[in-house]
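I opened my notebook to look something up in a structure, one entry at a time. Come along and read with me.

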Amino acid sequence: MEVLNTFLIAPFLDMADSPIFLLEVVIGGLMAGVMYSLVALGFVLIYKASGVFNYAQGAMVLFAALTLVGLMENHVPIIVAIILTMAVMVGVAMLIERYMLRPLVNQAQIILFMACIGLNFVFEGAGQIAWGSNVKKLDIGIPENSFEIGGVLLNAFDLTAAITAAILVAFLAVFFQKTAIGRALRAVADDHQAALSVGIPLKTIWVIVWSVSGFVALVAGIMWGGKAGVQFSLVLIALKALPVLILGGFESVPGAIIGGLLIGVFEKVSEVYWGPAFGGAIEGWFAYMAALVFLMFRPQGLFGEKIIERV
Amino acid sequence: MFYREAGQFKSTYQTDQAIFPIVQDRWFMALVFIVAFVVIPLVADEYWHQAIIIPFLILALAAIGLNILTGYAGLVSLGTGAFMAVGAYSTYKMSTAFPDLNIIIIFLLSGVFAAMVGMVFGAPSLRIKGFYLAVATLAAQFFILWVFNKVEWFFNYSPSGTITAPPRELFGVLVTGPEASPVARYYVCLVFLVVFAFAAKNMARGRLGRSWMAIRDMDIAAEIIGIRPLQTKLSAFGISSFYCGVAGALYIFCWLGSAETEAFDILNVSFPVLFMVIIGGLGSVLGAILGAAFITLMPIFLTNAPPMIGIHLAADLQKHIEEIILGLMIITFLIVEPAGFNRLWQIAKEKIRKWPFPY
């Protein structure tokens, strides 16, 4: 009875006790979720367009953030630094397409996944050789003060991150839906061969997709770096984004967003209300377990394409 | 000229189905065994044993285990480290609780525990497929390590949270713990690897292995021809985790001596073992062993090569360069030969068979 009480009843009583605190926890979770979504988005873009499970996305975030910080330390003005970093990411995308994706075209997905882990090592090493491996502070002038709305404490930085993510998603949605390149991207995502046969240049599309996800990595890097400093552990946020991916579905942009928010809220609420009952530090696996249980009922994730199997 | 099957007639079914049907293969294997059992213990010094050979043997065992799951049954798993940890912690618990029990029996029993845990976490594989499953196995990885970190019973309430291999004897020779001689530990690991590799090879070419491969190639079609997906997938998870569990037990007891859950971290174990399986060649026991050799030797080679040719670099710079080179080598290798070392081996055999003629 004691056990049942601590796991099933007490947490809910706590929640009912102070709804304002619950609201704060939920909002904190949503804010954390936005950050997860930003990373997951990069995965989804690449998976959609090339079927590659890009494990190196976390390292790309680190690499982009390190490049930006490194440039800013050399007194490059911020706008120029961002543009230069973006140029570097486009260059990287071209290199990856030419020397990794093109020779590996048509290989099994797991081979490409392995290649991406190899790429992960290259990014980690290169970023740290070029810009050093100590923790760096990234300050691009986002306010960090907290303020209250209706009794709920909010952080300006988190709010900025959420708004940035919203703008980014809106931008991506327009890009995918309204532009010719966006339509070509969706065609490639649907069927490589059919897209090729109507004259869509696959190589160009891949460069564009990897550049766009490099851009997403840059935004995520700015946000995470601004919050926690630019350091090696940024690579590990890739592991944070994976449960978001399977919860939302690998090939769905809205899935990445909503999955990220859900995981963020789950994680915070469970840590605050159930964490003590488990003895703490459950953040590391709770998201995975939640996603795993969810997948048992819906194996393709929330918004993934329905898996149709034929013999 | 030297390596061909011409003239070797088989008059019984037994010889026809032998694991090495060609005489030259048997000679080659005999040679390998002589080198492994006699020459290496005589030649290798303590550094070689501790830094290269023993970890290679243990990781090769884990790689064979993962290869059963990923290579033969087509289920990608990133939870290898967790299943190895189950083996290690249950060996620790049993060897401290029952000091008189033979250590080999304890190793095998902890393999059984790992198999049970593996089957529990493998159950979702019936519904979840592909990368969704790979990420779902990460749940096992993080959850199990968290449990071993949190529940103090698993490390006997020791304040540091580490498990230390107690000294245990086998035939009067100390084989585990820090006092045991490297040669004794080497023999234990070698015998386990040899026995388990042959077992895996035989399983893979028998009924069980064929049903794994049928499920891997197309699970619905396999189901239609009468292969039960539940039993097949769970047996793959169970046997694979058994191998990983024994490897994990050896990892602590015959190699590291003492460790925390950190030693079974995803970056320390799960990914490297997956590399071994893929670089070695999916669905091949020999490939897993060759892949393990490559992945254990390469970082050591990269660390020692620059000083040998007279380049001295700062430690962290060298570490990053190593990372880059390792990453580039993996990508290059996958581009050159996506089917892995196993395929290279087959090509080499084909060439020897036709030598000195090109075709």
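**Entry 1: confidence.** I began with pLDDT, which is the predictor's confidence in each residue, from 0 to 100. I needed it because this is a predicted model. For chain B I found an average pLDDT of 86, and 99% of the residues score at least 70. I also noted the scores of the model, ipTM 0.84 and pTM 0.88.

**Entry 2: chain B as a whole.** I counted 14 helices and 4 strands in chain B. Its radius of gyration is 21 Å, close to the 21 Å that the globule rule gives for 359 residues, so chain B is as compact as a globular protein of that length. Along the principal axes, its C-alpha atoms fill a box of roughly 65 × 60 × 45 Å. I then looked up burial: 46% of the 359 residues of chain B count as buried. Of the contacts in chain B between residues at least 6 apart in sequence, 76% join residues at least 24 apart.

**Entry 3: helix H7 of chain B.** How far apart are the end C-alpha atoms of helix H7 (residues 182-205) of chain B? I found 34 Å, which agrees with the 34 Å that its 24 residues should span at 1.5 Å a residue. Next I listed the buried residues of H7(B), among them Arg185(B), Tyr186(B), Phe192(B) and Phe196(B). What covers the buried residues of this helix includes helices H2 (23-43), H3 (46-72), H8 (207-217), H10 (229-256) and H12 (285-308) of chain B.

**Entry 4: one phenylalanine.** I picked Phe121(B), which has its place in helix H5 (residues 103-122) of chain B. Is Phe121(B) buried or exposed? I wrote down buried, because 22 other C-beta atoms lie within 10 Å, and the cut-off for buried is 20 or more. Leaving aside neighbours within four places in sequence, Phe121(B) is in contact with Gly79(B), Thr137(B) and Ala140(B). I also checked Leu138(B): it is 17 residues from Phe121(B) in sequence and 10.0 Å away in space, C-alpha to C-alpha.

**Entry 5: where the chains touch.** The contact takes 36 residues from chain B and 38 residues from chain A. On the chain B side, helices H6 (130-150), H9 (219-224), H11 (266-280) and H13 (315-336) each supply at least two residues. Which helix gives the largest share of that side? It is H13(B), with 13 residues. I sorted the residues of the chain B side that touches chain A into 29 nonpolar, 2 polar and 5 charged.

Technical notes
Residues numbered from 1 in each chain as written. Chains lettered and ligands numbered in written order. Predicted model: local features only at pLDDT ≥ 70, side-chain atom pairs only at ≥ 80, totals over all residues. Contact = placed C-beta atoms within 7 Å. Nonpolar A, V, L, I, M, F, W, Y, C, P; charged D, E, K, R; others polar. Expected span 1.5 Å × (residues − 1). Buried ≥ 20, exposed ≤ 12 C-beta atoms within 10 Å, placed from the backbone. Rg over C-alpha atoms; globule rule 2.2 N^0.38 Å.
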